[in-house]
Amino acid sequence: MILLESIIDGIRDIKDHFGRTMLQLVGIILGAGSIVATFSLSVAGKAASMEYYKVSGGIQKIWIWNQPTGKVTLDAKALASKGLTYADAMAIKAQAPDVDLVSPVSQQQMTLSYGKLEKPHNVMGILPAYSPMNDVHVTNGRFISDQDVETAARVVVLGTERAEEFFSTDNPVGKTMIIGGAGYLVVGVQDEKYFSFDQKRNVMRWMNKQMYIPITTMMTRKGEPVSQGKVSIMNARMKDVKRHKEAVEQIEGVLQRNHGVKDFEVLSRVANLKRNEANNKMYDMTFMICGIISLLVGGIVVMNIQLASFKERVREVGTRKAVGASPAQIFFQFLSESVLVSIFGGFLGLFVGRLFTQGITSLIKQPAIVTPSTLINAMIFAAGTGLVFGMYPAIRASRLNPIEALRTE
Amino acid sequence: MSALAEIIEMPETGKALIQLEQVTKTYDSGENEVQALRGVDVAIRRGEFVSIIGPSGSGKSTMMHILGCLDTPTSGKYWLDGEDVAEMSNRALARVRNQKIGFVFQTFNLLPRATILKNVELPLLYAGLRSGDRRERAMEALKRVGLEKRFKSRPNELSGGQRQRVAIARALVNAPSLILADEPTGNLDQKTGWEIINIFQELAANDETIVLVTHDPGIAATTQRRIKIVDGLIESE
């Protein structure tokens, strides 16, 4: 009852002293606003990252590279170490229990032609494992199969941009194109890969420019025995993200045994992700701290103005006490006013936060997702500020001596 | 509500409504102590209309504060309506003020931003009454001072005399055992002042217990009983 009356009183106070109230609330509005902005950007950023990881092969992905070793020239290095080979890939698959997929890639620049068009492009020799590893799908035709690999078949799968380049709007599947002087049957066109953080640039576009042949075909072409065939990059997939360290260690162990030297580098996305997460946390924290500082400053302003208005109202407090308001009732009246005013500020802050996020979104092309929990968080912070900083004026008011209060002019 | 019930059920014990025994009040103002009251014995019966007079600095304000439960005596006893209020906590005193005492101040002390209806409802709000009951009883109290038609007005839209009538309505609204008026005509012109005194006379005729603190002998002369305080002691009755 008293609470309801206090709330009505508080609303009247906001209305009567609108300018003062707004001034009082600037800090809280900005504080709540920046909390909304932080959470919205951070939530959206995380969602976008997760989506990107998914389209680019999931967080279980591991990269294995040849590592250039020091100042040795390329030729000397080639002599010193074989580098990654097809045999390494098979060894990893057989000996690393925490790895369920291995996808070695052997690349070469080759001349492609169809009809009158002739162009040099990078061609990738791959295993069927490339498809699940990199989230590659083929609706038009089929991907490279195990049988293609076994028989070193002369088949090719094109990225959408290559298909368009050589075949324009015609369906390339079933047609034969010349690659490195030999005829290859086009068996499929890879579905277009698309992902954008800013709704403008397709960060997966490079995959639409690829073309795949069986890795065995590539090695035969290069004149290498398959098992000793050189691999430029390899991907592996761990079975369980929780065992990402073990998976990486197992791979490193196999390669170390096979090579005798560390001429490779193994990197897991989970490790990467952890680093990114730490970075993101930093950003989140920075923004949050800004928001909290605004709220603190806002709280101090609320306290000051509340104290000032309390001085204006000493007689009123005296009167209320004379007619029987208990100290607790006065305390709650003042406190609920602070909280109410702060909630009002928090509410305005939500709109300011929306503006912030929209501004940031259009400035740096970052998506933002405003979730209900973000709004609730901001409101709770704003109300909490009012509660904490309203405490002192409320205590002062509740302890006022009614005789002196009534004597005040 | 409970206040009303208590009053109705209160058996006539023969004891006075107000009973002060050897009440002293000492203020500690830095080095020297000031003895505002030096052993006061007073008994006021239900339905009496009493004025307390005395020059300024005589202790009459202190007397008023103690009678009104705004302050507690340094020593001595004070029974109000059968309750020993001399050593009550602030919280308990707030309840006593709320249920047993109606104040009328020299400066009216109305809440400037609230309507006069809300002003009159104020003691009922702290008593915990529901808004319907509050409104009903506040309107009745306003009727007793002839201001029921102005219930929506704000205090600054009323004349001084009207404001004091609102304050009287506020004092009456909780059906208190005691109405305590502190220089109620001090801020009013003479004619309006007498109108206010007339209202007190009417209330006294209706068996309200009224204690009126004044320095004006003319006003004191209109009450049934006069208590004169000089130097913290009762000089004469």
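This is a predicted model: local features need pLDDT of at least 70, side-chain atom pairs count only at pLDDT 80 or more; totals for chains, interfaces and linings use all residues.

Visitor: Fine. Where is B:D81 found, then?

Guide: B:D81 sits in the loop between strand 4 and strand 5 of chain B. Its phi is near 55°, a positive value in a residue other than glycine.

Visitor: Is B:D81 buried or exposed?

Guide: Buried. The cut-off is 20 or more other C-beta atoms within 10 Å, and B:D81 has 23 C-beta neighbours inside 10 Å, so it counts as buried.

Visitor: What other residue has a positive phi and isn't glycine?

Guide: B:E183 is one, with phi near 45°. B:E183 lies in the loop between strand 7 (178-182) and helix 7 (190-205) of chain B. It counts as buried too, because it has 20 C-beta neighbours inside 10 Å. For context, most residues other than glycine have a negative phi.

Visitor: Back to strand 4 and strand 5 of chain B. How many bridges are there between them?

Guide: Two, in the antiparallel sense, with strand 4 covering residues 75-80 of chain B. B:L80 has B:E83, in strand 5 of chain B, as its bridge partner.

Visitor: And what's the strand order in that sheet?

Guide: The order is 2-1-4-5 in chain B, an open sheet of four strands with antiparallel pairing. Strand 2 (32-44) and strand 5 (83-84) of chain B stand at the edges with a single partner strand each, so one side of each has no neighbour in the sheet.

Visitor: Changing topic: how many residues are in contact between chain A and chain B?

Guide: 20 residues of chain A are in contact with 21 residues of chain B. On the chain A side, helix 1 (2-16), helix 12 (314-322), helix 13 (327-364) and helix 15 (402-407) each supply at least two residues. Helix 12 of chain A gives the most, with six residues. By class, that side of chain A has nine nonpolar, four polar and seven charged residues.

Visitor: What about the largest nonpolar core? Which residues touch the most other members?

Guide: B:A169 and B:V211, out of the 112 residues in that core. Helix 13 of chain A gives the most to this core, with twelve residues. Leaving aside neighbours within four places in sequence, B:V211 is in contact with B:I44, B:V50, B:I52, B:L67, B:L178 and B:L180. There's also a second, separate core of 50 residues, which includes A:L127, A:A129, A:I215 and A:M219.

Visitor: OK, helix 5 of chain B. Which residues are buried there?

Guide: B:R134, B:R137, B:A138, B:A141 and B:L142. Seen down the axis of helix 5 of chain B, the buried residues fall within an arc of 145°, so they line one face of the helix. They pack against helix 4 (116-127) and helix 6 of chain B.

Visitor: How many residues does helix 5 of chain B have, and what comes just after?

Guide: Helix 5 of chain B has 14 residues and reaches 20 Å from its first C-alpha to its last, close to the 20 Å expected at 1.5 Å a residue. Just after helix 5 of chain B, B:G146 takes a positive phi of about 75°.

Visitor: Last one: is B:N156 buried or exposed?

Guide: B:N156 is exposed, with 9 other C-beta atoms within 10 Å. B:N156 lies in the loop between helix 5 (131-144) and helix 6 (160-172) of chain B. B:N156 and B:T115 are 41 residues apart in sequence, and 9.7 Å apart in space, C-alpha to C-alpha.

Methods. Residues are numbered from 1 along each chain as its sequence is written. Chains are lettered from A and ligands numbered from 1 in the order in which they are written. Two strands pair if DSSP finds at least two bridges between them. Two residues are in contact if their C-beta atoms, placed from the backbone, lie within 7 Å. Ala, Val, Leu, Ile, Met, Phe, Trp, Tyr, Cys and Pro count as nonpolar, Asp, Glu, Lys and Arg as charged, and the others, Gly among them, as polar. A residue is buried if 20 or more other C-beta atoms lie within 10 Å of its own, exposed if 12 or fewer, and partly exposed in between; C-beta atoms are placed from the backbone. A nonpolar core is a set of buried Ala, Val, Leu, Ile, Met, Phe, Trp, Tyr and Cys residues joined through C-beta atoms within 7 Å. The expected span of a helix is 1.5 Å times one less than its number of residues. The arc is that of the directions from the helix axis to the C-beta atoms.
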